[in-house]
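I opened this notebook to record what I looked up in one structure. The entries below are kept in the order in which I made them.

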Amino acid sequence: MLDFFGTVIGAISHFFAQVWVVISTFHFRDALDILLVALMIYGLIRLIRQTRGMQLLKGVFLVAIVALIAGALNMEASGFIFRQVMNNAIVLLVVLFQPEIRTVFERLGRNPVTNLKFLQQQNKTEREQEEIEKAIHTICEVLRQFSKNRTGALIVFEGVTQLGEIAKTGTLLKAVVSRELLHNIFHNKAPLHDGAVIIRRGRILAAGCILPLPQDSEVESDFGTRHRAAIGMSEQSDAMVCVVSEETGHVSLAYKGELRWGITPEEAGQSLRGLLLEGDTTSKRFVLNRRKKGGR
């Protein structure tokens with residue numbers, strides 16, 4: 001019994017001695033290092049939970065378990081295959097999680113802390129501000145008419161991140177924003193009505209554009225195609241996207257992956273002015289409401 005207690009006391013003393021060694025050699029940079037790693041892990045978990053990456057991670061975890069079982073049972077053929085997979089694990093993970101990795105760097109690039117002024121567009125001139133104000137006024141009138149007539153529409157207002165790649169999927173116009181042109185574009189018999197219109201600095205850059213769908217699979221069962229495309233575009237850029245439901249006539253606004261559903265054209269105009277003219281990049285005014293259905 002005395003030997004047992006002696007062993008326990010010795011183990012406890014050794015443990016506290018090791019703890020004291022760690023504490024005595026602990027520096028500020030170690031705390032900063034731990035905090036940085038914790039933030040990276042937290043951000044990674046949060047990002048994966050919001051995307052299809054969670055399903056991929058479950059698959060990777062399952063493969064790792066099977067590989068361990070194969071190794072424990074000395075299975076030569078399957079063990080060889082799993083070893084080859086593990087040797088190229090980094091490359092495979094980069095390929096599998098490419099969309100999520102790209103999203104991380106895009107979000108870092110849009111962060112106010114990392115926004116380098118000399119890499120951004122030049123400040124808007126007075127004439128450009130007038131064009132933007134006029135375009136917003138016209139869009140509000142068009143949204144009101146589209147909502148009344150239940151004309152489906154998808155209009156993207158470009159922010160700092162330029163959408164040249166998205167514009168190439170449609171027809172380049174580089175035209176002045178007008179009610180007549182927008183009515184012609186989104187007429188249900190027009191060839192471009194199913195795509196999106198991209199507006200850059202108060203002018204229509206392109207029409208009939210194809211937008212990316214959201215990475216969150218839960219959104220797909222709640223909204224129609226236009227609303228999903230609006231959320232997807234706002235997730236992958238700092239653009240603000242106006243949507244008019246073809247089924248209900250409701251006006252919605254997507255920004256930073258969130259959708260404000262069933263708003264008035266005046267509220268949409270106020271938000272657009274805040275982003276495009278006042279540089280308000282906060283999304284506190286936007287509330288994601290996935291319980292309400294959005295039409296196509």
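**Entry 1: ground rules.** I noted that the model is predicted, that local features need pLDDT of at least 70 and side-chain atom pairs pLDDT 80 or more, while totals for chains, interfaces and linings use all residues. I also noted that residues are numbered from 1 along each chain as its sequence is written, and that side-chain values use heavy atoms, with hydrogens and water left out.

**Entry 2: helix H7.** I looked up H7, which runs over residues 126-149 and has 24 residues. Helices (H or I, at least four residues) and strands (E, at least two) are DSSP runs, numbered from the N terminus. From first C-alpha to last, H7 reaches 35 Å, close to the 34 Å expected at 1.5 Å a residue; the expected span is 1.5 Å times one less than the number of residues. Just after H7, I found Arg-150 with a positive phi of about 55°.

**Entry 3: the buried side of H7.** I then asked which residues of H7 are buried. They are Ile-132, Ala-135, Ile-136, Thr-138, Ile-139, Cys-140, Val-142, Leu-143 and Phe-146. Buried means under 20% relative accessible area, exposed over 50%, and partly exposed in between (1.4 Å probe, protein chains only). Among the elements that cover these residues I recorded strands S1 (153-157) and S3 (196-200) and helix H11 (265-276); contact means heavy atoms within 4.5 Å.

**Entry 4: the aromatic pair.** I found one aromatic pair in the structure. Phe-146 and Phe-186 form this pair edge-to-face, at 6.0 Å centre to centre and 80° between the planes. The pair links distant parts of the chain, 40 residues apart, with Phe-146 in H7 and Phe-186 in the loop between H9 and S3. Rings of Phe, Tyr and Trp (its six-membered ring) pair if their centres lie within 6.5 Å; planes under 30 degrees apart count as stacked, over 60 as edge-to-face and the rest as tilted. Both Phe-146 and Phe-186 are buried.

**Entry 5: Asn-188.** The loop between H9 and S3 also holds Asn-188, which counts as partly exposed because its relative accessibility is 48%.

**Entry 6: cysteines.** How many disulfides does the structure hold? I recorded zero, a disulfide being a pair of cysteine sulfur atoms within 2.5 Å. The sulfur of Cys-140 has its closest cysteine sulfur in Cys-242, 7.8 Å away, so the two are too far for a bond. Cys-140 is buried, with a relative accessible area of 8%, and Cys-242 is buried at 1%.
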